[in-house]
Amino acid sequence: MKNILYIGLFLVTLNLTAQSESIDWITDYKTAFKTAEQLDKPVLAFATNGQSSAELKLLEGELFGSETFQSLKDKVVFLKLNTADDMYAMRMATHFTKSKTGPSVALVQSNQRPLGEPLNKINSGSISNFINVLKAEIQ
């Protein structure tokens, strides 16, 4: 019985990870903003320390797995900032998301000005509010 539970948990975790990995994340800050400027699109910046956590799982399930998020694939440039490996990424993540801890997400104009409030306190209510920001800011 424990084996079935472990297998089920593994499959759920694999599915959630696949949702964020199915996105073509740009990991270079300068490239992401140059691309956004050329395409006249905003940047969706996702800051992570690369470690699994309850907040990351909630974010992956309720934001990255949402229909709204999936519909953004042609409307934004996706930037992933790995704050564990790169101090510059940490500075950029702090600037965009107003948080020194991950995970966090922000919608940013190509001129690096924020669109709405960042998602830096991860819970179901704040994710829902951020999804509403995405709907309002991106047509």
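Start by selecting Val-133: leaving aside neighbours within four places in sequence, Val-133 is in contact with Leu-115 and Gly-116, contact meaning heavy atoms within 4.5 Å. Val-133 sits in helix α6. Its C-alpha atom and that of Gly-116, 17 residues apart along the chain, are separated by 6.3 Å.

This is a predicted model, in which local features need pLDDT of at least 70 and side-chain atom pairs count only at pLDDT 80 or more, while totals for chains, interfaces and linings use all residues. Residues are numbered from 1 along each chain as its sequence is written, and side-chain values use heavy atoms, with hydrogens and water left out. Element names follow DSSP runs numbered from the N terminus: helices are H or I with at least four residues, strands are E with at least two.

**The sheet**

Select the strands next. Three of them form an open sheet of mixed pairing, in the order β2-β1-β3; two strands pair if DSSP finds at least two bridges between them. β2 (77–82) and β3 (104–108) are the edge strands, each with a single partner strand, so one side of each has no neighbour in the sheet. From one strand to the next the twist averages 20°. Axes here are lines fitted to C-alpha atoms, for helices over the stretch in contact, and angles run from 0 to 180 degrees between N-to-C directions.

Now take β1 (residues 43–48), which runs parallel to β2 and is joined to it by six bridges. Within this pair, Leu-44 stands opposite Phe-78 of β2.

**Helix α2**

Move to α2 (residues 29–39). Which of its residues are buried? They are Tyr-29, Ala-32, Phe-33 and Ala-36, where buried means under 20% relative accessible area, exposed over 50%, and partly exposed in between (1.4 Å probe, protein chains only). These residues cover an arc of only 90° around the axis, which puts them on the same side of α2; the arc is that of the directions from the helix axis to the C-beta atoms. Show their surroundings, and the buried residues of α2 are seen to pack against β1, β2, α5 (87–97) and β3. On the face turned away from the buried side are the exposed residues Lys-30, Lys-34 and Gln-38. Just after α2, Asp-40 has a positive phi of about 55°.

**The cores**

A nonpolar core is a set of buried Ala, Val, Leu, Ile, Met, Phe, Trp, Tyr and Cys residues joined through side-chain atoms within 4.5 Å. The largest has 22 residues, and Leu-44, Leu-59, Leu-63 and Phe-69 have the most contacts inside it. Two or more residues of this core come from each of β1, α3 (54–64), β3 and α6. Centre on Phe-69: beyond four places in sequence, Phe-69 is in contact with Ile-23, Trp-25, Leu-44, Leu-63, Phe-64 and Phe-78. Apart from this core lies another, of 16 residues, including Phe-33, Ala-36, Ala-89 and Ala-106.

Finish with Lys-98 and Glu-117, which form a salt bridge with their closest N and O atoms 3.7 Å apart; the term requires a side-chain nitrogen of Lys or Arg within 4 Å of a carboxyl oxygen of Asp or Glu. Lys-98 is in the loop between α5 and β3 and Glu-117 in the loop between β3 and α6, so the pair ties together parts 19 residues apart in sequence. The structure holds one salt bridge. Lys-98 counts as exposed at 54% relative accessibility.

Ser-99 also lies in the loop between α5 and β3. Is Ser-99 buried or exposed? At 11% relative accessibility, Ser-99 counts as buried. Not counting residues up to four places away in sequence, Ser-99 touches Ala-93, Thr-94, Ser-104 and Asn-120.
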